[in-house]
Amino acid sequence: MPSLRGALLSLAVLAAPAPLTHAGPKTSAPTVTKQNWKRLRDHVRPDKSELAWRRIPWRASLWDAVIDANREKKPILLWAMNGHPLACT
Amino acid sequence: MQKLARKFIPATDEVWRLQNRSDLECRFFQGFSEGGHYGGRSRPTSTRQGIYCCTPAGRFLGSINTSRPAAMANMLKAALAKWRAIPQEKRLLAYDPATRVAQIQRAERRYPKDGLAVRVYSRDLARPGRPAPNDWRGRAWNVDSLWFHQAEAARLLPADPKAGASHAWPAALAQRLVCRNLVDNVRGQTNGYRRPRVAEITTTVTAVRGSIVHLTLRGRSEASTTGRWPTDGDVADMQRGDPWARGVRTTMYGEAEYDRKAGRFVRFELVAAGTRWGRTRYNFRQDDDREAPIAFAIVLDPKDLSRRVAPAELGAYGW
């Protein structure tokens, strides 16, 4: 994951720190089967701590923020990346 | 930091479009971003990515591109001080911006609300004898969206679903997953493939209970290409040496449930795992481009609204 997502994690103020390693299957180029697919799925999907930055109510577009900020009379905080931070960066 | 963030309306967005297109939203961004940390810069790239603060009226308040929390907090504090110094009437737009949404051209307008919109996560698998780097690379993962229209999603299972029936995905739909999503983007975005060598996915009906069709998914894929990509931030890198190959080869297995009454998938979980090789400009594999294991999880999570963010390669869908 690109490092800025990690930086934005700090905005979420985690109760627990993210793990330094993510233990995965000890296999090399496994064949996916009925027996191992759930284990692989759980390894790949980010865990709660890795998604802590999503606890911030990010609007998914700049203009969505303009609409809400104008209504709530607040400034805008924009995280703009090559690739959408809520998708592929 | 959280207290500071609550004083703002937070947003995320893709910067290339904001920088280079010309609709209302893009012009709004261009109106303040040149006052920021990368204003006027063209080398090594012209990107304006980073964290910005601005008023709803479009006045620049502050910006930074950093992974250091303290620097981020200082920027936010300074931006708030500027905000407070601006008279109320100059902070806001004089019109309701909600009335101008029609002027904005976003790919998300094509979101298939009645179709299948899933998230595709990618992550490296452990390699015996080679510990993962003890930095962000060892923890890296990425995600993208994958969309199917309702009619396309219905073609992912047999037209007359009875227990035991099998159905091969239409080539174009299997290729969409293989060429657009089964790419090595774990450490950073990378381009897809023009066409696959193998893109085979078969859906088998395991049971039908009421309107719910229970399915298993099996498949395999291989896609590769050769080319030169600058991988050290220098375009001269493209001129060095021979073109190199990159690719991904996987096997797949998963389960899904399709509600015939609603005409949509209510569960979709597919795993693809196998081997990746090579590198591209932004995927940070300069030190790790030999064959290595990789895995993908393709999942439907109706509660995850970010699946509405457009796939990176939606332009290749032909929609």
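A cavity here is a set of grid points where a 1.4 Å probe fits but cannot get out. With that meaning, a search of this whole predicted model finds 1 cavity of 30 Å³ or more. The tour reaches that cavity last.

**Stop 1: the domains of chain B.** Select residues 2-103 of chain B for domain 1, then 109-316 for domain 2. Taken over C-alpha atoms, the centres of these two domains of chain B are 33 Å apart.

**Stop 2: helix 2 of chain A.** Select residues 37-44 of chain A and show the side chains. Which residues of this helix are buried? They are Trp37(A), Leu40(A), Arg41(A), His43(A) and Val44(A). These residues lie on the same side of helix 2 of chain A, because they cover an arc of only 165° around the axis. In an α-helix, residues three or four places apart point the same way, since there are 3.6 residues a turn.

**Stop 3: the cavity.** Stay on chain B and select Asp184(B), Thr190(B), Tyr193(B), Arg246(B), Gly247(B), Val248(B), Trp277(B), Gly278(B), Arg279(B), Thr280(B) and Asn283(B), which line the largest cavity. Its volume is about 40 Å³. Which element gives the most to this lining? Strand 9 of chain B does, with 3 residues. By residue type, the lining of the largest cavity consists of 3 nonpolar, 5 polar and 3 charged residues.

Methods:
Residues are numbered from 1 along each chain as its sequence is written. Chains are lettered from A and ligands numbered from 1 in the order in which they are written. This is a predicted model: local features need pLDDT of at least 70, side-chain atom pairs count only at pLDDT 80 or more; totals for chains, interfaces and linings use all residues. Side-chain values use heavy atoms; hydrogens and water are left out. Domain bounds come from an automatic or database domain assignment. Buried means under 20% relative accessible area, exposed over 50%, partly exposed in between (1.4 Å probe, protein chains only). Helices (H or I, at least four residues) and strands (E, at least two) are DSSP runs, numbered from the N terminus. The arc is that of the directions from the helix axis to the C-beta atoms. On a 1 Å grid over the protein atoms alone, a cavity is a set of points where a 1.4 Å probe fits but cannot get out, and a pocket is an open set with protein on both sides within 12 Å along at least five of seven lines; lining residues have an atom within 4 Å of a point. Grid points are joined across faces, edges and corners, and a volume is the space filled by probe spheres set on the points. Ala, Val, Leu, Ile, Met, Phe, Trp, Tyr, Cys and Pro count as nonpolar, Asp, Glu, Lys and Arg as charged, and the others, Gly among them, as polar.
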